[in-house]
Amino acid sequence: MNRPTAVASPARTPAPRPGTTLSVASLGTFVALIAFCAPLGNMPTVAAALSAGPAAQTWILSSMSVGLAAVLLTAGALADDYGRRRVFHWGAWLLALGAVVGAISQEPVLFIVGRLIQGVAGAALIAASLAAVAHAFATPAARATASGIWGASVGAGIAVGPVLAGLLDLAGWWRGLYWALAVASLAIGQVATRALAESRSAVPKRIDVPGALTLCAAMVLVLVALVEGRQGNTAATVLCGVGAAVFTLAFVGVERRRPFPMLDLALFRRRDFLAATLAALATGAGIIGLMSFACTFLVKTMHVSTLAAAGVIALWSGTSVVASLLARKLPARLAGSPQLVIGLAGVGVAMLTMTGLSPDSSLLRLVPGLLLAGVASGLLNAGLGRQAVASVPADQGGLGSGANNTARYLGSSIGVTVVSIIALDPAGTIDGMVTGWNHAAVTMGLISLVGAGVVAVLVRGTTQPAVGG
């Protein structure tokens, strides 16, 4: 039996307003990315305050990725079937809860729990926000502009998070960031309830509980395997890796038998969907993987402050904001899937220009590569936002967003692991760390270039599909 709220009054359900939808969705994504990137700006202070050892520090940096990647696809499917505004609202309130847990934590385990909660919340916000934007902007031209603005919010969050954390760190109030995130999240949730029009799939499906549980278990185990692998815990890595494979096979088996699966596996036969998913994976594994390690490298090897290191990273992410906003001016023949190829190739070349460092190199040596990477990343953020929803049926934007962002954050976890293995010098020498950075930048650059080549092959000779169809 339907609840009374299924037919909402005009006062409870506002009329669709594309501009308002885009503003609220972008703001929610912006705050989620601030939460995601904040520890990069003050990790030494947080570690000292919580008495966190090396293993705990690794989990502090990785736990939100675990929460994000584990439930993004499920959150997207829920948004499509039960309401994008509703899932967005839940995500905002849950992000506030996770932030409060982080603010009051006195030891690392509770702080990590708060980060996991923030990851789940961020998944709801990101998946529902992009789906709501796709629903509000139906024409290709309008959606290109909207996806550029949404993509800019991703870059803006990455830029602001570490810098804000670094500034509050200097003021001796690192916990203030988490209280501010809690207040901002509650405000966004309240605004979403009042300002966003509800939207959902024309034919909502019952929640695919077996699919959601097996996928969540598989994602958690593969991410735990990656984190434990960075710590050299071979037994846990192998055990979690085997478990991830088992649950992945179980997920595929469940989805093939369900009459209305959470993820229609036939989507992977669509070249545009496969190209967008692989582009997101390569984005995470390449540029995000390297930039996630950059703060550690700059602080420990180049001997700059955490705030200065965050400022260097902001040169990349800040440039990406401008590039995302300007991406709508690309010629039509370069928009969509070709845009992903250009972006991946650009970040690949950019990372190759950031190699060849020596112990006495200046930070200025990195500036050209960071600027080029920023431009290319902006094109990627806008293109991925557009193709995530353009490569799935029109009423499954949440699913498309969830699948694409799952690939991005899974890729980033893989990338951070690979970079950590390559770049960290066990002896901790300056020469060894610089050499490790050079090798990591080359590796990540080649991953991005290979990704660009694979995506180019997938989309070669195809016409751009109707957006959202």
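Which residues form a nonpolar patch on the surface? Here are some notes on this predicted model.

1. **The patch.** Ile104, Val109, Leu110, Val113, Trp173 and Trp179 form the patch, with about 560 Å² of accessible area together. Patch residues have over 30% relative accessible area and no salt bridge; nonpolar side chains (Val, Leu, Ile, Met, Phe, Trp, Tyr) are joined within 5 Å, like charges within 9 Å. A salt bridge puts a side-chain nitrogen of Lys or Arg within 4 Å of a carboxyl oxygen of Asp or Glu. Areas come from the Shrake-Rupley method with a 1.4 Å probe.

2. Helix α5 (residues 108–136) gives the most to the patch: 3 residues. Helices are DSSP runs (H or I, at least four residues), numbered from the N terminus. Valine 113 lies in α5. Its relative accessible area is 36%, so valine 113 is partly exposed (between 20% and 50%; under 20% is buried, over 50% exposed).

3. **A helix pair.** Helix α8 (residues 209–230) and helix α9 (residues 234–257) pack at about 160 degrees, their axes 8 Å apart. Therefore α8 is roughly antiparallel to α9 (angles over 145 degrees). Axes are lines fitted to C-alpha atoms over the stretch in contact, and angles run from 0 to 180 degrees between N-to-C directions.

4. **A loop residue.** Arginine 333 sits in the loop between α11 (306–326) and α12 (337–353). Arginine 333 is exposed, because its relative accessible area is 67%. From glycine 241, arginine 333 is 92 residues away in sequence and 41 Å away in space, C-alpha to C-alpha.

5. **Ground rules.** Residues are numbered from 1 along each chain as its sequence is written, and side-chain values use heavy atoms, without hydrogens and water. Local features need pLDDT of at least 70, and side-chain atom pairs count only at pLDDT 80 or more, while totals for chains, interfaces and linings use all residues.

Note on methods: Helices (H or I, at least four residues) and strands (E, at least two) are DSSP runs, numbered from the N terminus. Buried means under 20% relative accessible area, exposed over 50%, partly exposed in between (1.4 Å probe, protein chains only). Angles under 35 degrees count as roughly parallel, over 145 as roughly antiparallel, 65 to 115 as roughly perpendicular and the rest as oblique.
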